[in-house]
Amino acid sequence: MSNNIQHIIQQAKQGKQSAYKTLLNTYWKDVYNYQFSKTNNENEAEDITIKSFAKAFDKLNTFDNKYVFKTWIITISKNIYIDHLRKKKTETISINTVFN
């Protein structure tokens, strides 16, 4: 990982808002494109991307600089997508199930 990204991550860990914005601007397209390739739906891809960044920023203090940030946030995004599928599956029930 480049020293610049490591520096930005360190600044974000210290609460610097501009560092969060830089991370968002740098990796948004990667996360969004990954989600769009899975959902084929712009709204779902955007929602999951937003959730991915929210979770990543919430857990940023757990990020280890020996790893690549892009890989880390994509992994978070994959897990949120899996949760999204589980939720979607449980929300989809047959009308016959309700009335029988």
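1. A word to start with: contact means heavy atoms within 4.5 Å. In this predicted model, residues 24 or more positions apart account for 57% of the contacts with a separation of 6 or more.

2. On the ground rules, local features need pLDDT of at least 70, side-chain atom pairs count only at pLDDT 80 or more, and totals for chains, interfaces and linings use all residues. Residues are numbered from 1 along each chain as its sequence is written, and side-chain values use heavy atoms, with hydrogens and water left out.

3. Now trace the chain. The protein has five helices and zero strands, giving the pattern α-α-α-α-α along the sequence. Helices (H or I, at least four residues) and strands (E, at least two) are DSSP runs, numbered from the N terminus.

4. Of the 100 residues, 32% are buried, that is, under 20% relative accessible area with a 1.4 Å probe, counting protein chains only. The accessible surface (Shrake-Rupley method, 1.4 Å probe) is about 6900 Å², and carbon and sulfur atoms own 50% of that.

5. Next, look for the largest pocket, with a volume of about 190 Å³. Eleven residues line this pocket, and K51, I80, D83, H84 and K87 are the closest to its centre. A pocket is an open set of points on a 1 Å grid over the protein atoms alone where a 1.4 Å probe fits, with protein on both sides within 12 Å along at least five of seven lines; lining residues have an atom within 4 Å of a point. The volume is the space filled by probe spheres set on the points, which are joined across faces, edges and corners.

6. Which elements give two or more residues to that lining? They are α3 (42–58) and α4 (69–91), with α4 giving the largest share, six residues. By class, the lining has eight charged residues (Asp, Glu, Lys and Arg count here), two nonpolar (Ala, Val, Leu, Ile, Met, Phe, Trp, Tyr, Cys and Pro) and one polar (the others, Gly among them).

How values were computed. Buried means under 20% relative accessible area, exposed over 50%, partly exposed in between (1.4 Å probe, protein chains only).
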